[in-house]
Amino acid sequence: SSMGELRIHSVLVTGANRGIGLGLVQHFLGMPTPPKWVFAGCRDPKVPSLQELQNLASKHPNLVIILLDVSNPASIKAAAATVEKHLGGSGLTLLINNAGIAMFNNLENETLEDMIQVYTTDTIGPLLMGQVFLPLLKKAAQGNPSSALSCSKAAIVNISSSTASIASSSYWDMVQIVSSRCSKAALNMLTKCQSLGYGEHGILCVALHPGWVQTDMGRVGGHQPPVTVDSSVRGMLNVLSSLSEKDTGTFLDWEGKVLPW
């Protein structure tokens, strides 16, 4: 596999206590050349699902569990200070905005409250994360001798969804999830904005669809999703290892296919 090409000094994954986030953390730790630092952001340190992460942390001194609620600006600032302290003068190579929430509402029962909550986590969270972690991402980019954009230099990866594709209206008959479709479509636009705004600093930005994955959030209406967390994460890391200048600001899936906006 070409995963060995991904040389990352440090990575922060939000929503890391379960599902895809946890899968990413496990795979980063298991790389032939693992990152010097893997920061696992979790909203609630008291949830039972944190046990898995804590077990990993006891075996891997390069794993740091960070209290991080992406819907709370103060929490993001505090997390950045903690990350900066651990990095000790070096930058953050890779920021993976994976934290998301799902409200399984249809068009007729979508609400103001749910729309706001989902948008705050899925769209505003990654916006604020990019703003607050920008100095650390810039530092990583400046410290890399290569002038070409890549995930080994500095990158923001926003975990999106094919359900956000306005052109393809995927899975509509199965699940309407109006708030998520809207928030992730907005996240795709944010990714484009970040690619335009942060490109000059040497930071690659991409929106990535992990596939329809077997997670607590993925199981809807009695349907078993086709993709395991393991295959999704392997695929995504493979895609990340191959990204270059031409891919910044694009919307790709876990197999590297370009998705329609």
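**Entry 1: strand β6 and its neighbours.** I found 3 bridges joining β6 to strand β7 (residues 251-253), and the two run parallel. In β7, D253 is the bridge partner of H209. I noted how these terms are set: strands (E, at least two residues) and helices (H or I, at least four) are DSSP runs numbered from the N terminus, and two strands pair if DSSP finds at least two bridges between them. This is a predicted model, in which local features need pLDDT of at least 70, side-chain atom pairs count only at pLDDT 80 or more, and totals for chains, interfaces and linings use all residues. Residues are numbered from 1 along each chain as its sequence is written, and side-chain values use heavy atoms, with hydrogens and water left out.

I then looked at β5 (residues 155-159), which 5 bridges join to β6, again in parallel. N158 stands opposite A207, and V157 has V206 as its bridge partner. β5, helix α5 (residues 178-198) and β6 make a right-handed β-α-β unit. Right-handed means that, with the strands pointing away from the viewer, the path from the first strand over the helix to the second runs clockwise.

**Entry 2: buried or exposed?** I checked β6 (residues 204-209): 6 of its 6 residues are buried, so the rest of the structure largely encloses it. Buried means under 20% relative accessible area, exposed over 50%, and partly exposed in between (1.4 Å probe, protein chains only). In a regular strand the side chains alternate between the two faces of the sheet. In β6, L204, V206 and L208 lie on one side and C205, A207 and H209 on the other, all buried.

β5 reads likewise: 5 of its 5 residues are buried, so it too is largely enclosed. A155, V157 and I159 point one way, I156 and N158 the other.

**Entry 3: on to β4.** I saw 4 bridges between strand β4 (residues 94-97) and β5, which run parallel. N97 has N158 as its partner.

**Entry 4: cysteines.** How many disulfides did I find by the rule of two cysteine sulfur atoms within 2.5 Å? The count is 0. C151 is in none, and the nearest cysteine sulfur, that of C205, is 9.7 Å away. C151 is buried, at 1% relative accessible area. For C182, the closest cysteine sulfur is in C193, 17 Å away, which is too far for a bond. C182 is partly exposed, at 39%.

Notes:
A disulfide is a pair of cysteine sulfur atoms within 2.5 Å.
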